[in-house]
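Have the sequence and the 3D view open as you read along.

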Amino acid sequence: MDPLDTYFRTSLTADLSESSSAIALLDSDKSAWWWRVFEAQATSRHLDFVARELQQAGRGFYTIGSSGHESNALVAMALRPTDPALLHYRSGGFYLARAQQVPRSTPIRDILQGLMGLADEPIAGGRHKVFGHPGLAVIPQTSTIASHLPRAVGLAVALHRAHRLKVDCEWPADAVVVCSFGDASANHSTAAGAINSALATAFRGLPVPILFVCEDNGFGISVPTPADWIEAAYGSRPGLRYLIADGSDPGSAWPVIEQAADTVRDQRRPVFLHLRTVRFGGHAGSDAEVSYRRPREIEADYSRDPLLATASCLRTAGVSTADILARYKAIRTEIDEQVEALADDRRLGSAAEIMAPLAPRHPNEVADTVRTLQRMRPAPIEGQRPPKRRTLAESINAALDELLTADRRVIVFGEDVGVKGGVYGVTARLARQHGAARVFDTLLDEQAILGLGLGAGLAGLLPIPEVQYLAYLHNAEDQLRGEGATLPFFSQGRFRNPMVVRIAGLGYQKGFGGHFHNDNAVAVLRDIPGLVVACPTRADDAAAMLRTCVAAAITDATLSVFLEPIALYHQRDLYQAGDQAWLAVAENDHVPIGRARSYRNGSAVLTMISFGNGVPMSLRVARRLAASGVTAQVLDLRWLAPLPVADIVAAAKSTGRVLVVDETRHSGGVGEGVVTTLVESGFPGPIRRVASEDSFVPLGTAAEHVLLSEDEIEKGALALAEMGER
Ligand SMILES: Cc1ncc(C[n+]2csc(CCOP(=O)(O)OP(=O)(O)O)c2C)c(N)n1
Ligand SMILES: [Mg+2]
């Protein structure tokens with residue numbers, strides 16, 4: 001038996017013999033309430049014991065428990081079951097108390113199924129042990145500590161915007177978003193940034209109904225947090241109401257917790273609840289706490305057990321110790337029975353089953369959604385001039401305008417996108433036309449921008465955030481990888497974060513730049529399971545691809561990155577100054593995800609496969625090659641993830657020779673994926689690849705030494721053309 005279990009039973013039993021003469025009068029209201037607390041806490045406690053036993057028996061896979069933290073049950077009791085909760089992995093008490101508020105809940109089975117990785121677990125379906133349930137408004141979290149805070153803040157902010165815009169929102173207008181995390185997590189820059197963004201937003205007078213709950217057990221695995229640090233760090237932040245409660249004494253903690261929840265609900269502003277706890281059983285089953293704590297210290301914590309304190313509250317309400325002990329034992333029996341009932345349950349059985357929620361794609365429905373969006377756009381005015389030939393930037397601007405008009409769920413935001421209209425004018429006039437509730441500037445914090453997008457998606461909106469430069473995505477990238485892309489995976493699609501993240505990027509900006517404004521590192525995006533990466537090159541494709549991404553967000557909750565080549569934003573010419581051959585009329589409505597564009601040439605002897613800036617470069621090279629008798633065709637990938645495999649293979653086969661023209665880096669660049677696709681398809685070659693150097697991009701003309709040039713493309717093409725007869 002776990003020493004904590006023994007301690008609890010012994011303490012109560014000792015008490016049983018001592019205190020039988022001092023039984024208080026039964027207060028049935030009070031006792032019923034404290035029974036509910038005890039039920040949630042004791043169930044959570046026993047599930048922790050069982051988790052470790054299951055692991056030892058080879059039937060369970062997760063041993064991080066909630067023991068010592070069980071007073072977080074009171075937080076759930078101070079809230080409503082419709083308040084969205086993004087929970088710390090030790091918030092077991094909260095989960096069980098929340099389940100009490102929802103009829104027909106099965107929290108014991110849910111948690112056991114999670115521990116055992118069973119396919120019928122209601123949220124992650126055996127993909128991970130998470131606290132989450134659609135019926136309990138608990139949104140599952142990953143174990144990257146603090147990464148859920150930007151989303152939680154985003155949801156709190158978006159909740160009000162969604163109601164104001166009269167969008168269908170899953171959460172009531174007076175909901176409180178609750179988000180819990182540990183004391184060590186409170187130091188993470190993600191937590192610090194998210195709390196700051198909540199405060200900065202509230203400071204502007206906007207409602208931010210969020211309850212931050214710091215479950216402070218004094219340790220981050222083995223590293224102690226100084227006793228007063230959390231209070232020192234968050235106790236006197238302007239605009240942040242700070243309340244402290246002792247989780248070891250639920251009787252005194254309750255009024256504080258209730259006040260914290262009510263303050264957020266009534267005042268619609270952030271509150272920081274500092275819940276002091278102990279941590280029993282080390283960080284996880286595998287953590288030998290004795291290697292960094294003295295046994296005496298560990299034992300001393302036992303006297304701070306919230307369960308003993310709740311038992312004491314029950315006794316004060318007139319409940320007998322024998323009844324408490326009997327209930328404690330009965331809960332364990334019930335859990336054991338449920339474990340046995342799950343003995344034959346199934347685990348995930350194939351890669352296809354595991355991956356099913358990652359990237360649901362319904363191309364026909366997406367095409368239908370595009371048509372619906374098109375019907376909603378404003379009708380052309382009679383007698384209007386023929387559609388305008390546009391630059392890439394103008395085309396994206398027009399498409400955003402049209403999408404904002406067609407669907408009131410669409411919101412556009414980022415640094416400088418509002419009044420200024422973006423650094424490159426891509427969002428010009430949108431704020432004026434659609435109002436500050438739908439097109440707005442954010443804080444200078446990419447993590448907060450993406451967190452707002454993730455929260456807005458959960459609130460029923462269709463967020464199109466902008467990250468000003470690709471180089472500045474990297475400090476926030478985990479919001480896409482760890483949070484956005486994993487939500488469908490860990491919730492089997494039940495919670496959705498549809499979003500189209502516009503990112504200005506890639507190289508070749510003339511007279512401006514250096515690395516930070518000419519970043520060509522996209523590997524970090526291409527390996528995120530399920531993420532769609534679009535890279536439009538021409539005005540006509542850009543509008544259609546943006547529409548497709550938004551339609552996929554609506555239909556399949558697809559998360560996409562829309563990578564916009566900055567150097568092409570205002571490009572008008574293709575072959576020579578003044579030819580205006582790079583302007584285009586947006587004729588296509590829709591470009592299916594994973595379909596390339598072909599600049600075909602019937603007599604071509606080689607295919608150049610490219611994307612982004614590489615496309616106009618390749619087209620210019622193709623024209624020069626034609627003068628030397630070599631005919632080439634160009635394939636624009638358009639989608640960097642998923643790659644247009646069928647189109648790549650077909651284009652390669654049609655000429656028999658392939659030059660991969662890749663402006664991203666030689667290592668980790670897009671071209672690696674294209675070459676691999678060809679090799680794996682059995683394409684016999686020859687294949688050559690030209691790419692940029694494995695370097696950051698230097699300032700000014702020095703950039704030409706590391707970025708792929710047209711000369712290199714031409715040399716590569718000529719070498720390929722000379723390689724034997726077809
Ligand atoms: C970003 C990140 N870094 C490291 C870890 C590994 N890790 C998991 S839990 C943990 C300690 C967290 O301590 P605290 O926030 O106090 O929560 P507690 O476990 O004490 O409840 C660490 C370092 C992680 N999960 N995420
Ligand atoms: Mg801790």
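## Arg151 and its surroundings

Leaving out neighbours within four places in sequence, Arg151 is in contact with Leu86, Gly451, Leu454, Gly455, Leu458, Gln479, Glu483, Gly484, Leu487 and Asn497. Please keep in mind that this is a predicted model. Arg151 belongs to helix 6, which covers residues 149-164. Is Arg151 buried or exposed? Arg151 counts as buried because its relative accessibility is 0%, and the cut-off for buried is under 20%.

Gln479 sits in helix 18, residues 478-484. With a relative accessible area of 1%, Gln479 is buried.

Which residues does Gln479 touch, not counting those up to four places away in sequence? They are Ser147, Pro150, Arg151, Thr190, Gln447, Leu450, Gly451, Leu454 and Gly484. For a sense of scale, Gln479 and His362 are 117 residues apart along the chain, and 25 Å separates their C-alpha atoms.

## The magnesium site

What coordinates the magnesium ion (ligand 2)? Asp183 (OD), Asn217 (OD1) and Phe219 (O) do, at 2.0 to 2.1 Å. Along the sequence, these donor residues follow the spacing D-x33-N-x1-F.

Asn217 is buried, at a relative accessible area of 11%. Phe219 also counts as buried, with 15% relative accessibility.

## Helix 5 and what covers it

Helix 5 spans residues 107-115 and is mostly covered, with eight of its nine residues buried. The buried residues are Pro107, Ile108, Asp110, Ile111, Leu112, Gln113, Gly114 and Leu115. Their cover includes helix 2 (28-56), helix 4 (92-100) and helix 12 (321-341). Just after helix 5 comes Gly117, with a positive phi of about 60°.

Two packed helices are described by the angle between their axes and the distance between the axes. That gives a handy way to look at two contacts here.

Take helix 14 (residues 363-376) and helix 21 (residues 539-556): their axes come within 8 Å and cross at roughly 115°. Helix 14 and helix 21 are therefore roughly perpendicular to each other, and helix 14 passes helix 21 in a right-handed crossing. On the helix 14 side the contact involves Glu365, Val366, Thr369, Val370, Leu373 and Gln374, which meet Arg547, Thr548, Val550, Ala551, Ala552, Ile554, Thr555 and Asp556 of helix 21. The residues of this contact comprise seven nonpolar, four polar and three charged.

Helix 15 (residues 392-406) packs against helix 21 at an angle of about 30°, with the axes 8 Å apart. This crossing is right-handed. Helix 15 contributes Leu392, Ser395, Ile396, Ala399, Leu400, Glu402 and Leu403, while helix 21 contributes Ala539, Ala542, Ala543, Leu546, Arg547 and Val550. By type, the residues of the contact of helix 15 with helix 21 are 10 nonpolar, one polar and two charged.

Notes. Residues numbered from 1 in each chain as written. Chains lettered and ligands numbered in written order. Predicted model: local features only at pLDDT ≥ 70, side-chain atom pairs only at ≥ 80, totals over all residues. Heavy atoms only, no water. Donors = N, O, S within 2.8 Å, 3.2 Å for Na, K, Ca; no water. Buried < 20%, exposed > 50% of the residue type's maximum accessible area, 1.4 Å probe, protein only. Axes fitted to C-alpha atoms, helices over the stretch in contact; angles between N-to-C directions. Helix = DSSP H or I, 4+ residues; strand = E, 2+ residues; numbered from the N terminus. Parallel < 35°, antiparallel > 145°, perpendicular 65-115°, else oblique. Left-handed = near helix turned anticlockwise from the far one by under 90°. Contact = heavy atoms within 4.5 Å. Nonpolar A, V, L, I, M, F, W, Y, C, P; charged D, E, K, R; others polar.
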